[in-house]
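Hi there,

Here is the structure I promised to pass on.

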Amino acid sequence: MSSQQTPLPKKGETVDLYIESLAFGAKGIARLGEMVCFVEGAIPGQTVKARLLKKKRSYYEARTLEVIKTSEWQVDPVCSHFQSCGGCSLQHLQYEQQLKTKEDQVKDSIARLGGFKNVPMQPILPSLETEQYRNKMEFSFSRDRWLSVQEIESNKTFEKTGLFLGMHAKGFFDKVIDLKECHLVEPIATEILDTVREIARESGLDSYSTRDHTGFWRFLIIRKSKNTGDLLVNVVTYSYNKDIAEQLREQLCARFPQITSLLYSTTQSKASVAYSEKEYLLHGKKTIFEKLGNYQFEVSGNSFFQTNTRQAERLYDVVVEMADFKDDETVYDLYCGAGTISIYISEYVNKVIGFESVESAVIDAYKNCAINSINNCDFELGDLKDQISDTQRLAERYGTPDTMIIDPPRAGMHPNTLAAVLELEPKKIVHVSCNPATLARDLGLLCEEKYTLTAVKPVDMFPHTAHIEAVALLQLK
């Protein structure tokens, strides 16, 4: 007698799920028969009531509606915006368990996607700070305010349209949370945000809209150096307004004498990216300084710089320890940015050659070398996949690399770049990655014939978020 198989639930249905683990991206993993279900807003150990949002061939996607049973690792989030904000996704999970899940994600990705049977894992390096660790935050203006479920269900009346300033609501490009607190930055950042919001509302000018590309107010960028105390505030609008510039100067400088750099910038780009096309200095100096280890770095309004300063030092120390540099080594630093890793390792080696496609970053790299009296670093400007493919020219100009540092963007290495790395055959490769999936892919390709993976160490740069950094060491066979 044949037994009938229970039909699988459909999209839109509500189901009870036990959350077994956490996927990369901070979604809970549950099982529905033979199907995997990725559950937004859930953490390991919970039993939740969830609505099925999507049904694919081998998995579901769902959103938590209610926690039926709490997890032993569940904690109360410290921020009132937690449920809605796109900034933090794991504040309700004990930090020790955050570390365990991130370590597991890195190991699983490298084993499953990279094809490694035995991953040589080292223990994850926790962040020294779990709150107020960011040295930079970008806030957005919007005409549309996100209302939380609690606000909607309350009897209070809230403005939905007007001028609002804060973080984008989770999953929305056009609505922001009118921010009142943020535990990723020092309190002075939210105090400055309140003042800028007040100035903007009194101006009578609209927020810029990405829907019709009209409006004035766009972004607020705040950088606070952890080691020098420098404080940079950059207000970005669509066009220049002399009266607004004067108001910003008068009110911000009066209320916050700690500001060492006050910038007023404009951008007419339609992209929702906090980047200054034109920059006006209202007070102080155009740049601030930050220290990493023994070195000082000049940071401008548009510069890329590691946002967790103290953990960046520890990340670079992991690179130094894994590489085990020798005094006579030539090191190639791929995707070098403003040369922070190049400069940080310069004292251990003979010379460092950095490769970078952004001209302003290369200018900053040379400037930072001059500030620190570094004379054994050189930098190549251009598209890396084209630059490094001419391996003969590089070898003739700089010598072949003994060690290669590779710190690619989230998408990982371009196939041309990877092919050139294999042709150059450095004795050691230290691969730094912010994406376990593309790290696994790159490691798998590098280790097909020529390299052996000898160590992997996750480094938590961003507590309470889904992001994880990992450093891997490869040795030439």
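Below are my notes on the pockets, the cavities, the cysteines and one serine.

First, some housekeeping. This is a predicted model, so please keep in mind that local features need pLDDT of at least 70, side-chain atom pairs count only at pLDDT 80 or more, and totals for chains, interfaces and linings use all residues. Residues are numbered from 1 along each chain as its sequence is written, and side-chain values use heavy atoms, with hydrogens and water left out.

**Empty space: how it was found**

Rolling a probe the size of a water molecule over the atoms shows where empty space is left. On a 1 Å grid over the protein atoms alone, a cavity is a set of points where a 1.4 Å probe fits but cannot get out, while a pocket is an open set with protein on both sides within 12 Å along at least five of seven lines; a lining residue has an atom within 4 Å of a point. Grid points are joined across faces, edges and corners, and a volume is the space filled by probe spheres set on them.

**The second largest pocket**

The second largest pocket holds about 1200 Å³ of space. Its lining has 41 residues, and those closest to the centre are Glu-40, Arg-63, Gln-83, Ser-84 and Lys-170. β6 (59–69), β7 (136–145) and α2 (149–153) each give at least two residues to this lining, with the largest share, five residues, coming from β6. (Helices are DSSP runs of H or I with at least four residues, strands are runs of E with at least two, and both are numbered from the N terminus.) By class, there are 15 nonpolar, 16 polar and ten charged residues in the lining of this pocket. Here Ala, Val, Leu, Ile, Met, Phe, Trp, Tyr, Cys and Pro count as nonpolar, Asp, Glu, Lys and Arg as charged, and the others, Gly among them, as polar.

The largest cavity has about 120 Å³ of space; of its 14 lining residues, Cys-79, Cys-85, Cys-88, Gln-91 and Cys-182 are the closest to its centre. Nine nonpolar, four polar and one charged residues make up that lining.

How many disulfides does the structure have? A search of the whole structure finds zero, a disulfide being a pair of cysteine sulfur atoms within 2.5 Å. For Cys-79, the nearest cysteine sulfur is that of Cys-182, 6.5 Å away. For Cys-85, the nearest is that of Cys-88, at 6.4 Å. Cys-79 is buried, at 11% relative accessible area (buried means under 20%, exposed over 50%, partly exposed in between, with a 1.4 Å probe and protein chains only). Cys-85 is also buried, at 11%.

The second largest cavity has about 70 Å³ of space. Among the residues lining it are Arg-134, Glu-186 and Lys-226. β10 (217–224) gives the largest share of this lining, three residues. By class, the lining has five nonpolar, one polar and six charged residues.

**Ser-261**

Ser-261 sits in strand β12 (residues 261–266) and is buried, with a relative accessible area of 0%. Its side chain reaches the backbone oxygen of Lys-285 at 2.7 Å and that of Thr-287 at 3.2 Å. Leaving out residues up to four places away in sequence, Ser-261 touches Leu-231, Leu-232, Val-233 and His-283, among others (contact means heavy atoms within 4.5 Å).

Happy browsing!

Key: A polar contact is a pair of N or O atoms within 3.5 Å; within protein, one must be able to donate a hydrogen and the other to accept it, and residues adjacent in sequence count only if both atoms are side-chain atoms.
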